[in-house]
Structures are given as C-alpha cells and as structure tokens.
Amino acid sequence: MTEWLNVGKIVNTHGIQGEVRVISRTDFPEERYAKGNKLVIFDKNNKTTIVKVQSWRQHKQFDLLTFEGYGNVNDVVKFKDTLLKIDASDLDDKLSEDEFYYRDIVGLQVVTDDGEDIGKVVEILSPGANDVWVVRPNNKGKDILIPYIDQVVKKVDLETEVITITPMEGLLD
C-alpha cells in the first residue's frame, strides 16, 4: 500500500492563468515543485488527480503553481481546499545528520536532559526563522511549544524515538 506524504494545501486560485495558491508543508519546495514533477491532488473524498508541475514561484507566504493541461482559472478552481501529496517512495534520503522529515519527528517522546518526561510531539509549525514543535504533555495540560534550535533541542534519536531537550527558563511553565 502506498504511503502518501502531504507537501502542501491548495487554498485558492491566483489570477486567471490557472495558477493555484499553495500553503507549503515541505522544507524542499524547489525540489517538490520543480518543473516536470508529478504531484497527486487529494480532494475531500480522497479522490485523486495526478498533475505535472509546469511552473512554480513564491509570492508572499505562498507557493504558486501551474500544472500542465490546466491553463485557465476555470480548470483549477475545483482544486481549492485540496491536499498536494507525493509517494513516500519518491523521497531522496539525502538529509544531513541534523535534518529530519516532519513525519519522523511527529509522535516522538520528549524528555529533558534531567530525564523528566514532557510529552509527545503532535505537530510541527513553521512560523519563520525556525520550526516549532508542538508537544502534548502527558498530564493533558496545555500544549508546550518547543523551538527547534540548538540551545534547546540537544538530541533526536529516531531509533529510540526520544528527543532530549534542555528547556530555557519559562519554557515548561
């Protein structure tokens, strides 16, 4: 069975030439949205449409894409509020030692360097300079936001599924 990875969400059209506005969920837009790449569009009913990227550019906080054979706004308006996905087998495993796919981080247990069990990563946010990992505490309290920076995240061990952090003052309050 194919494992699909979410690389973006089409939130609207852009202009009249068939461009779609995408909120990206990939750290590698220049690779994922390269001309000629195939993406799969999943609608709300999980009906799929395979498209080939014709062009990609960035505009403000969005990625703008056009697809071969969809040259008019009327052709792409049906894609509004759909997800763009890729087959997991299409990934290049060329990440450096301190890089991870989102799918590898979500679900990992977070502990302090003192051994205190904090909770599990449930989501990753990309607000700007660095990612922020949303950790759901074991005590069912309010989610904790952990910045993915060297001063805080000390070790990510995918084999044991544990992330070790050194909390900054006030981070766990």
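Start with the open sheet of six strands, ordered E10-E9-E8-E7-E12-E11 with mixed pairing; strands here are DSSP runs of at least two residues, numbered from the N terminus, and two of them pair if DSSP finds at least two bridges between them. This is a predicted model, where local features need pLDDT of at least 70, side-chain atom pairs count only at pLDDT 80 or more, and totals for chains, interfaces and linings use all residues. Residues are numbered from 1 along each chain as its sequence is written, and side-chain values use heavy atoms, leaving out hydrogens and water.

Select 144-147 and 153-157 next: these are E10 and E11, the edge strands, each pairing on one side only. Across this sheet, neighbouring strands are turned by 35° against each other on average, direction ignored, with axes taken as lines fitted to C-alpha atoms.

Now pick 109-112 and 162-165. Here E7 and E12 run as a parallel pair over four bridges, and Gln109 sits opposite Val162 of E12.

Jump to Ile10, Leu39, Leu65, Phe67 and Leu84, the residues with the most contacts inside the largest nonpolar core, which has 21 residues. Such a core is a set of buried Ala, Val, Leu, Ile, Met, Phe, Trp, Tyr and Cys residues joined through side-chain atoms within 4.5 Å, buried being under 20% relative accessible area with a 1.4 Å probe, protein chains only. E1 (4-14), E2, E3, E4, E5 and E6 each supply at least two of its residues, and E1 gives the most, with three.

Zoom in on Leu39: its contacts (heavy atoms within 4.5 Å) include Val7, Tyr33, Ile50, Phe67 and Ile86, not counting residues up to four places away in sequence.

Last stop: another core lies apart from that one, with 17 residues, among them Trp133, Val152, Val153 and Val156.

Notes: Buried < 20%, exposed > 50% of the residue type's maximum accessible area, 1.4 Å probe, protein only. Axes fitted to C-alpha atoms, helices over the stretch in contact; angles between N-to-C directions.
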